[in-house]
Amino acid sequence: MKNNHQVLVFKTNLSGQREVEAIGPVLSTIPAVLQWNVDLMDVDKVLRVVAPGLEPAEIISLVCGQGYNCEELPD
Amino acid sequence: MRPRDEAKEQAIRKKAMELIVEEGFDGLSMHKLARAAGISVATIYIYYKDREDLILELCKEETLRMTEATLKNFDPSMSFAEGMANQWRNRSKFWLDNPIEAQFLERMRHSPHHVKSIAFLKKDFIEAMQLFIHNAVKNGELTSMPLEVFWSVAYAPLYQLVKFHLDGSSLPGAGPFKLNDKMMKQALQAVIKGLTP
């Protein structure tokens with residue numbers, strides 16, 4: 001079943017601005033990603049992605065592919 | 001699309017303002033807020049990008065509500081006494097009806113967010129207040145003075161009375177305090193007298 005959620009929210013281990021910038025290029029390869037940010041102030045270093053119709057697994061595999069942890073935050 | 005849940009959103013906003021008023025901006029984290037509002041952290045991020053985004057959104061909405069309440073039935077061409085009575089009514093009503101929201105806005109004004117928060121003040125609000133003062137000076141109903149002096153004399157007494165009322169007590173040894181219309185009228189008369197040439 002296709003996921004229609006607009007906003008996807010993940011817990012990551014991105015710890016600084018440089019790491020955030022490192023995942024930028026891979027996220028921008030997905031056309032469905034309209035907007036994204038990482039809340040570095042939060043203990044969960046929350047990655048928030050606005051992407052209509054995108055499966056969370058796609059983001060997880062991309063971010064993990066860069067060597068970082070990324071898991072969906074439970075609703 | 002995950003539907004926006006109006007009730008959840010309202011619960012987040014209310015709790016966030018309560019946390020800020022009680023514990024300051026440092027007292028607000030997305031996790032603490034989630035616990036306090038009885039929702040998941042993920043849910044908060046559906047609505048807001050981060051803490052800063054949440055604080056500024058709250059400020060924007062509450063500033064708009066505050067200015068609408070303050071401008072209710074107000075006309076800059078009113079006589080000075082009439083306009084002041086309207087302003088005292090509107091401003092005290094907003095505070096008394098929305099103590100958390102009003103204290104949140106006050107905290108914003110006295111924080112590093114200050115510059116961003118005043119940007120939410122709509123131009124028509126600022127212009128109406130300036131025009132009112134300008135007219136009153138022109139008509140000889142108000143002594144010309146720096147804006148800060150005017151504001152401090154015109155409104156600080158009202159806000160102080162409202163704060164005494166919300167605290168339920170005033171000065172040490174004075175016992176419990178409850179603001180009533182008679183006291184407000186008394187203070188307003190003293191203020192108008194002080195501001196009139």
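# Helices and contacts in a two-chain model

Student: Which residues of helix 11 of chain B are met by Ala81(B), Met84(B), Ala85(B), Trp88(B) and Ser92(B) of helix 5 of chain B?
Tutor: In this predicted model, helices (H or I, at least four residues) and strands (E, at least two) are DSSP runs numbered from the N terminus. Two residues are in contact if their C-beta atoms, placed from the backbone, lie within 7 Å. On that basis, the partners in helix 11 of chain B are Met184(B), Leu188(B) and Ile192(B).

Student: How many residues in that contact of helix 5 with helix 11 of chain B are nonpolar?
Tutor: Ala, Val, Leu, Ile, Met, Phe, Trp, Tyr, Cys and Pro count as nonpolar, Asp, Glu, Lys and Arg as charged, and the others, Gly among them, as polar. The contact has no charged residues and 1 polar residue. The nonpolar count is 7.

Student: What should I know about the model, and from what pLDDT do side-chain atom pairs count?
Tutor: Residues are numbered from 1 along each chain as its sequence is written, while chains are lettered from A and ligands numbered from 1 in the order in which they are written. As the model is predicted, totals for chains, interfaces and linings use all residues, local features need pLDDT of at least 70, and side-chain atom pairs count only at pLDDT 80 or more.

Student: How is helix 5 of chain B placed relative to helix 11 of chain B?
Tutor: Residues 80–97 and 181–195 form these two helices, whose axes lie 11 Å apart at an angle of about 135°. Axes are lines fitted to C-alpha atoms, for helices over the stretch in contact, and angles run from 0 to 180 degrees between N-to-C directions. Angles under 35 degrees count as roughly parallel, over 145 as roughly antiparallel, 65 to 115 as roughly perpendicular and the rest as oblique. The angle therefore makes helix 5 of chain B, relative to helix 11 of chain B, oblique.

Student: Is the crossing of those two helices left-handed or right-handed?
Tutor: A crossing is left-handed if the near helix is turned anticlockwise from the far one by less than a right angle, and right-handed if clockwise. For helix 5 and helix 11 of chain B, the crossing is right-handed.

Student: How far apart are the axes of helix 4 and helix 5 of chain B?
Tutor: Helix 4 of chain B covers residues 51–70 and packs on helix 5 of chain B at about 145°. Met66(B), Ala69(B) and Thr70(B) meet Asn90(B), Arg91(B), Lys93(B) and Phe94(B) there. The axes are separated by 8 Å.

Student: Is Asn73(B) buried or exposed?
Tutor: Asn73(B) sits in the loop between helix 4 and helix 5 of chain B, and has a positive phi of about 55° without being a glycine. A residue is buried if 20 or more other C-beta atoms lie within 10 Å of its own, exposed if 12 or fewer, and partly exposed in between, with C-beta atoms placed from the backbone. Asn73(B) has 8 other C-beta atoms within 10 Å, so Asn73(B) is exposed.

Student: And Lys45(A), is that residue buried or exposed?
Tutor: Lys45(A) also has a positive phi, about 40°, although it is not a glycine. The loop holding Lys45(A) runs between strand 2 (35–39) and strand 3 (46–50) of chain A. With 21 C-beta neighbours inside 10 Å, Lys45(A) counts as buried.

Student: In what order do the elements of chain A run?
Tutor: Chain A has 4 strands and 2 helices. From the N terminus on, the order is β-α-β-β-α-β.

Student: What is the radius of gyration of chain A?
Tutor: This radius is taken over C-alpha atoms, and the globule rule is 2.2 Å times the number of residues to the power 0.38. For 75 residues, a compact globule would come near 11 Å, and chain A agrees, with 11 Å.

Student: How many helices does chain B have?
Tutor: The C-alpha atoms of chain B fill a box of roughly 60 × 45 × 30 Å along the principal axes. Of the 197 residues of chain B, 24% count as buried. Chain B has 0 strands, and its number of helices is 11.

Student: Which helix of chain B supplies the largest share of the side that touches chain A?
Tutor: The contact takes 17 residues from chain A and 14 residues from chain B. Helix 2 (30–37) and helix 3 (41–47) of chain B each supply at least two residues of the chain B side. The largest share, 5 residues, comes from helix 3 of chain B.
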